[in-house]
Amino acid sequence: MDHQVDSQKKVYFYAPDKQTHRFFEQEREEVIKACSNSFTAWIVSTYLQVKQVGISCEVIDHIPQKGIVIADRDTLGNKYPYLGQAMLICAKSDKEFHPSAHLHVVHNSAILDKTGKNSLWKPYYIPHWSQPGLVPRSHNRGSLVENVAFIGTRTNLAKEFFSEKWVSALKDLGCRWIPVFDSEKWSDYSNIDVIIAIRDFDQHIFSHKPASKLINSWHASVPAILAPESAFLSIRNSELDFLIVHSIEEAISAVRELKNNPTLYFSMIEHGLNRAQEFSDEKITDYWITFFKNYVFPEYDRWLKSSTVSRMSLFLRRYFRLKTDRIRRRLLGKHE
């Protein structure tokens with residue numbers, strides 16, 4: 001892809017904590033290993049990747065009076081100032097939109113279907129970066145299906161997988177359940193044969209969550225058993241992408257199928273490696289360059305030409321939308 005960009009345009013990467021500025025001088029793998037959160041995943045990682053291909057970048061600890069600024073939602077917090085001529089891009093991650101931001105980067109395209117690309121929040125889909133330093137499954141394991149794992153935080157694993165029923169069923173199949181909750185071990189798939197990634201069996205679409213666990217499994221040569229979440233379904237183009245389950249019983253059956261069908265097992269690995277190329281660091285970098293070159297820079301020029309009254313009006317509309325959305329979610333009590 002042509003990475004030529006307008007050298008006159010600069011993107012400011014917002015990092016108010018000066019102690020974090022050291023991350024911008026390290027390798028991405030070292031950064032994520034030391035601290036894995038929205039800030040390092042979206043701000044530091046993106047800075048390190050796009051600076052290499054020509055985007056003019058600068059790390060700042062304050063919001064300037066004018067310019068293009070990108071920040072992650074957690075760093076921005078719950079203060080919503082009007083920023084004048086500083087056009088803020090918010091890397092939303094799995095949080096709510098931010099009223100001070102004119103543009104939002106989202107990692108699940110289902111949000112575009114839900115809100116519309118040209119909505120008040122102006123969401124733009126860019127896939128999440130894959131896990132740096134990922135250690136793939138050992139080739140020596142062949143078609144062995146023995147170690148079934150979940151990689152992530154406890155809160156993102158359905159309660160059924162903490163039950164004796166699940167553990168016993170795997171044992172009967174000659175398998176072991178090895179959930180990996182320690183973030184320092186999240187990159188090591190060397191002894192994992194199957195990945196489970198199911199937050200619940202209640203058919204929530206989780207439109208705020210990315211497809212990271214699936215994409216990482218492709219890179220790691222490990223077949224995945226998943227719930228039909230929107231992020232997974234949005235990038236699915238074959239039955240070999242992953243096995244869909246709707247219950248703990250179906251999850252047990254899926255493990256059994258992979259164990260008893262080496263042809264299916266190897267087909268899913270081969271297919272996953274091909275799909276992984278669509279989500280390589282180079283491809284994600286292309287997404288970001290296209291975003292800045294074809295969308296952000298022209299949008300900034302148009303935005304500057306708009307009146308102060310117009311920009312303030314947009315900010316106020318976003319602020320009140322945030323408040324009404326919070327009330328709606330509280331009343332409905334739904335996962336989105």
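Predicted model: local features only at pLDDT ≥ 70, side-chain atom pairs only at ≥ 80, totals over all residues.

**Stop 1: the largest cavity.** The structure holds three cavities of 30 Å³ or more, and the largest has about 80 Å³ of space in it. To find it, select Tyr82, Ser100, Trp303, Arg311 and Arg318, which are the closest to its centre among the 13 residues of its lining. Which classes of residue make up that lining? Eight are nonpolar, three are polar and two are charged. Now colour strand E4 (85-91) and helix H11 (308-332), the elements that give two or more residues to this lining. H11 provides the largest share, with four residues.

**Stop 2: the largest nonpolar core.** Next, pick Phe13, Ile89, Trp288, Phe291, Phe292 and Val296. Out of the 66 residues in the largest nonpolar core, these touch the most other members. In soluble globular proteins, nonpolar side chains tend to be buried together.

Zoom in on Phe13. Setting aside residues up to four places away in sequence, Phe13 touches a list that includes Phe24, Ile43, Tyr47, Val50, Ile60 and Ile70. Thr46 and Glu58 are on that list as well. Then jump to Phe161, Leu243, Leu264 and Tyr265, which are among the 30 residues of a second, separate core.

**Stop 3: Val44.** Select helix H2 (residues 38-51) and look for Val44 in it. Is Val44 buried or exposed? Val44 is buried, because its relative accessible area is 0%. Ignoring neighbours within four places in sequence, its contacts are Phe23, Phe24, Val31 and Phe39.

**Stop 4: His107.** Finally, go to the loop between strand E5 (101-106) and helix H4 (110-115), where you will find His107. His107 counts as buried because its relative accessible area, 4%, is under 20%. What lies 3.0 Å from a polar atom of the His107 side chain? The backbone oxygen of His208 does, and the backbone oxygen of Ser93 lies 3.3 Å from a polar atom of that side chain. Beyond four places in sequence, the contacts of His107 also include Trp42, Asp94, Tyr125, His128 and Pro210.

Definitions and conventions. Residues numbered from 1 in each chain as written. Heavy atoms only, no water. Core = buried A, V, L, I, M, F, W, Y, C linked by side-chain atoms within 4.5 Å. Buried < 20%, exposed > 50% of the residue type's maximum accessible area, 1.4 Å probe, protein only. Contact = heavy atoms within 4.5 Å. Polar contact = N/O pair within 3.5 Å; in protein donor to acceptor, adjacent residues only side chain to side chain. 1 Å grid on protein atoms, 1.4 Å probe; cavity = no way out; pocket = protein on both sides within 12 Å on 5 of 7 lines; lining within 4 Å. Points joined across faces, edges and corners; volume = space filled by probe spheres on them. Nonpolar A, V, L, I, M, F, W, Y, C, P; charged D, E, K, R; others polar.
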